Each structure stands twice: as structure tokens, then as C-alpha cells.
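Subject: A structure for you to look at

Hi,

Here is the structure I promised to pass on to you. Please open it and keep it beside you while you read my notes below.

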Amino acid sequence: MRALRLNISLPAIFGALALAAALWPQGRAQAGTPNEETPQKLVTVAAAADAKFAFDEVVVAFEKEHPETKVQVNYGSSGNFYAQLSQRAPFDLFFSADVAYPTKLVEAGLAVADSQFTYAIGKLVVWAPTNSAVNLRQGLEVLLQPSVRKIAIANPEHAPYGKAAVAAMQKLGVYEAVKAKLVYGENIAQTAQFVQSGAADLGIIALSLAMAPVMKAKGSYWEVPSDAYPRLEQGGVMMSWARNPKQAKDFKEFVLSAPGKQILRRYGFSMPGE
């Protein structure tokens, strides 16, 4: 049986959740003031939706140090971005929720080979709103409760967090019993919106979203054991057609720097090698 697909007005959901920027292209407000004689250089970034809140802070911190550079981040599904970049979508950098998509772009000759990097390790959680009566201490067994009628996950066809959610349910023996309850978000941010808005009873989402203020204040979570799903190594790459490669490299290096890592850790990411 196919998973249910919700037909919901995304703008309405975004307004309720203060997540309007999670899925749609947007520019960041400039934090610094460039010298009038030095025009700003624009860096365009395609980033996995789980990085939204962390990267919003990273961009502000980066632009304070580099007022001559403006960073514009679009958030969405890594698989969808991969498809767009395979058609030469106009992004300078790609931050994926896995390492497979950046590797494929390098192998296809679409990305700069020596620019590939790993920037974070993601984690999965089961999230429930504060008004839910379920006991998250039951772990994934909570998905079997009769009161849980809809479970939101990211679409496993193109979202690494969705693939990880299916793997965890299979590993812990609940997938067959609950697959008819699944509803698919286009990416992990939309998945979080489904459950936070009440369109789903529970969600299997990224820890980085569960720790964001807008979610943290409205629900609670249980962290899925990391050995229940493939390690969510998140990688990136610079595209071969990057318009401002120096500035793109500067942003990449800032994400990988101590200040960048500090921000990522605040949202539950661990670092490669940890």
C-alpha cells in the first residue's frame, strides 16, 4: 500500500510555523556594510532542509566577517537539488544531507573534484507536539499505538532523512505494521511542518529541526539509536560553474571552521571524526 500524501497549503503552514524560508528561495539580510567602492559578491547555496536553522545563523556570522560577500541559501530536498544541479542549476555550492549526491556530481564532471567535503553528521528523532498523549519513551514502538494514525517522514525517494527513517523502522521491526500510516513530506523541513501543524500525529525528523526554537517550544522528541540507520554523513561540493569561486570557498571554509562547527553543534549535529 502506498503511503498517504497530504495535500496542504504550504504558505499557510509556513506562516503558522515561522518556517517560510525552509523551502523557498530567499536572500539573507546583509550583516555588514561593504565598502561602497567594493561591490558585493553573491554566493548562491543549495542546502539540505535539515540545515535551515543552523545555516541561517552561519550566514549571519559569515557575513559579519565578510561584508563584501552576500550569501543566498535555498533549502530543500537533497535529491531534488541533485536533479537540478545535474541540469546545471545556477548554484555555487551544494550542501547535501548525504555524501552520495555530491560524489555523483563530481563523478559526472559537474563539480570541482578537490572541493568535496563532509561538514556534519545528522541524527534522527521521533517528534511529538506538546498536546500529544503518546509516551515517546517507548521509542519507535510508539508508532504502533492506535492513536497514532499518521506518521510524517521525508520522501525516501529523494530525501536522505526519509531513507534513514525507513531503515530505522525496518531495523527496529515496526515498518510493515506502520507503512500504511506514513505521509511524505517533500523534504525534512516540510515533514516537521506536517507534524507540528497537526496534519500528522508524529514525525521522524532531523534532530537539528527538533532543536530549533520554533519546534523546541512546541513539542518533545526521542532520539533514534544511531545504529538503527545508516550514518547520516552530510557532504558538499562546489559546482564547476560557480560564479564567485573564491567567495564560495570562503563560505565553505567558514562552515568547516571552529565558529561554524560551534553553530552546527548547537543544533545537534556532530562533526566528522566524532
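What percentage of the 274 residues in the protein are buried? Buried residues make up 55% of them, where buried means under 20% relative accessible area, exposed means over 50%, and partly exposed is in between, with a 1.4 Å probe and protein chains only.

Before going on, please note that this is a predicted model, in which local features need pLDDT of at least 70 and side-chain atom pairs count only at pLDDT 80 or more, while totals for chains, interfaces and linings use all residues. Residues are numbered from 1 along each chain as its sequence is written, and side-chain values use heavy atoms, leaving out hydrogens and water.

The overall picture

The protein has 11 helices and 10 strands; these are DSSP runs numbered from the N terminus, helices being H or I with at least four residues and strands E with at least two. Among contacts (heavy atoms within 4.5 Å) between residues at least 6 apart in sequence, 79% join residues at least 24 apart.

The cores

A nonpolar core is a set of buried Ala, Val, Leu, Ile, Met, Phe, Trp, Tyr and Cys residues joined through side-chain atoms within 4.5 Å. The largest one has 80 residues, and those with the most contacts inside it are Phe95, Leu124, Leu143, Met169, Ile204 and Phe251. There is also a second, separate core of 14 residues, including Ala89, Phe94, Tyr101 and Leu105. Setting aside residues up to four places away in sequence, Phe95 touches several partners, among them Val45, Phe55, Phe117, Tyr119 and Phe251.

The helices

Phe251 is one of the buried residues of α10, along with others including Ala248, Phe254 and Val255. Helix α10 (residues 245-256) has 12 residues, which at 1.5 Å a residue should span 16 Å, and its end C-alpha atoms agree because they are 16 Å apart. The expected span is 1.5 Å times one less than the number of residues. Helix α2 (residues 52-65) also fits, as its 14 residues should span 20 Å and its end C-alpha atoms are 20 Å apart. Among the buried residues of α2 are Phe53, Phe55, Val58 and Phe62.

How are α3 and α4 arranged? Helix α3 (residues 78-86) and helix α4 (residues 100-107) pack at an angle of about 10 degrees, with their axes 10 Å apart. That makes α3 roughly parallel to α4. Where they meet, the α3 residues include Tyr82 and Leu85, and the α4 residues include Tyr101 and Leu105. Axes are lines fitted to C-alpha atoms, for helices over the stretch in contact, with angles from 0 to 180 degrees between N-to-C directions. Angles under 35 degrees count as roughly parallel, over 145 as roughly antiparallel, 65 to 115 as roughly perpendicular, and the rest as oblique.

Ala165 lies in helix α5 and is buried, with a relative accessible area of 0%. Beyond four places in sequence, Ala165 touches Leu124, Ile153 and Ile204.

Trp127 is in strand β5 (residues 124-129), and it counts as buried at 0% relative accessibility. Trp127 and Asp201 are 74 residues apart in sequence, yet 9.1 Å apart in space, C-alpha to C-alpha.

Enjoy exploring!
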